[in-house]
Amino acid sequence: QVQLVESGGGLVQPGGSLRLSCAASGRTSTSFVGWFRQAPGKEREFVAAISWNWDVPYYGSSAQGRFNIARDPTKKTAGLQMNRLEPEDTAVYYCAASMGAVLGIMDSITNQSNYQFWGQGTQVTVSS
């Protein structure tokens, strides 16, 4: 099993920045750590993911160019730096870990059904 704990959510004004953190613990080995989000009335969507072993990030279209994912494999932590936030970014953000995602195979990385472990989520609200 893997336990994931997110932190760093909150209220931010449009155009502002926020950094989310995820701490992983447990004995099960996972290949990728990622972030998904779910806005009210919408389906959960892929935001970003990165391999624990390779510093190769992947981004969803909403995050490309504005968000940056990073990880520290020795500490088993992952962070999501979110810049130029917009009201449309308001959502609950979830950290997730995958045992089966494979470097270079996009569907394995972006498909939420391929992530076995999930955090409780942290609320991000972008509003003036």
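The structure is a predicted model, in which local features need pLDDT of at least 70 and side-chain atom pairs count only at pLDDT 80 or more, while totals for chains, interfaces and linings use all residues. Residues are numbered from 1 along each chain as its sequence is written, and side-chain values use heavy atoms, with hydrogens and water left out.

The protein chain holds 1 helix and 11 strands (DSSP runs numbered from the N terminus, with helices being H or I of at least four residues and strands E of at least two). Read from the N terminus, the order of elements is β-β-β-β-β-β-β-β-β-α-β-β. The C-alpha trace spans about 40 × 25 × 25 Å along its principal axes. Of the 128 residues, 45% are buried (buried means under 20% relative accessible area, exposed over 50%, and partly exposed in between, with a 1.4 Å probe and protein chains only). The accessible surface comes to about 6500 Å², and 49% of this surface belongs to carbon and sulfur atoms (areas come from the Shrake-Rupley method with a 1.4 Å probe; for residues, only the protein chains shown count as cover). Among contacts with a separation of 6 or more, 57% link residues 24 or more positions apart (contact means heavy atoms within 4.5 Å).

Several strands can be followed through their pairing (two strands pair if DSSP finds at least two bridges between them). β1 pairs with β3 in the antiparallel sense over 5 bridges, and V5 has A23 in β3 as its bridge partner. β3 (residues 18-25) also pairs with β8 (residues 77-82), again antiparallel, over 6 bridges; here R19 stands opposite Q81. β8 in turn is joined to β7 (residues 67-72) by 6 bridges in an antiparallel arrangement, with F67 facing its bridge partner M82 in β8.

The hairpin of β7 and β8 has 4 residues between the strands. K76 lies in this loop and takes a positive phi near 55 degrees, in a residue other than glycine. At 32% relative accessibility, K76 counts as partly exposed. T77 belongs to strand β8 and is also partly exposed, because its relative accessible area is 29%. Beyond its neighbours within four places in sequence, T77 is in contact with C22, A23, W52, A70, R71 and D72. W52 is 25 residues from T77 along the chain, yet their C-alpha atoms are separated by 9.4 Å. R84, in the loop between β8 and β9 (91-98), has a positive phi of about 50 degrees although it is not a glycine. R84 counts as partly exposed, with 48% relative accessibility.

On the surface, W54, V56 and L103 form a nonpolar patch with about 290 Å² of accessible area together. V56 sits in the loop between β5 (45-51) and β6 (57-59) and is partly exposed, with a relative accessible area of 31%. Patches are made of residues with over 30% relative accessible area and no salt bridge, where like charges are joined within 9 Å and nonpolar side chains (Val, Leu, Ile, Met, Phe, Trp, Tyr) within 5 Å; a salt bridge is a side-chain nitrogen of Lys or Arg within 4 Å of a carboxyl oxygen of Asp or Glu.
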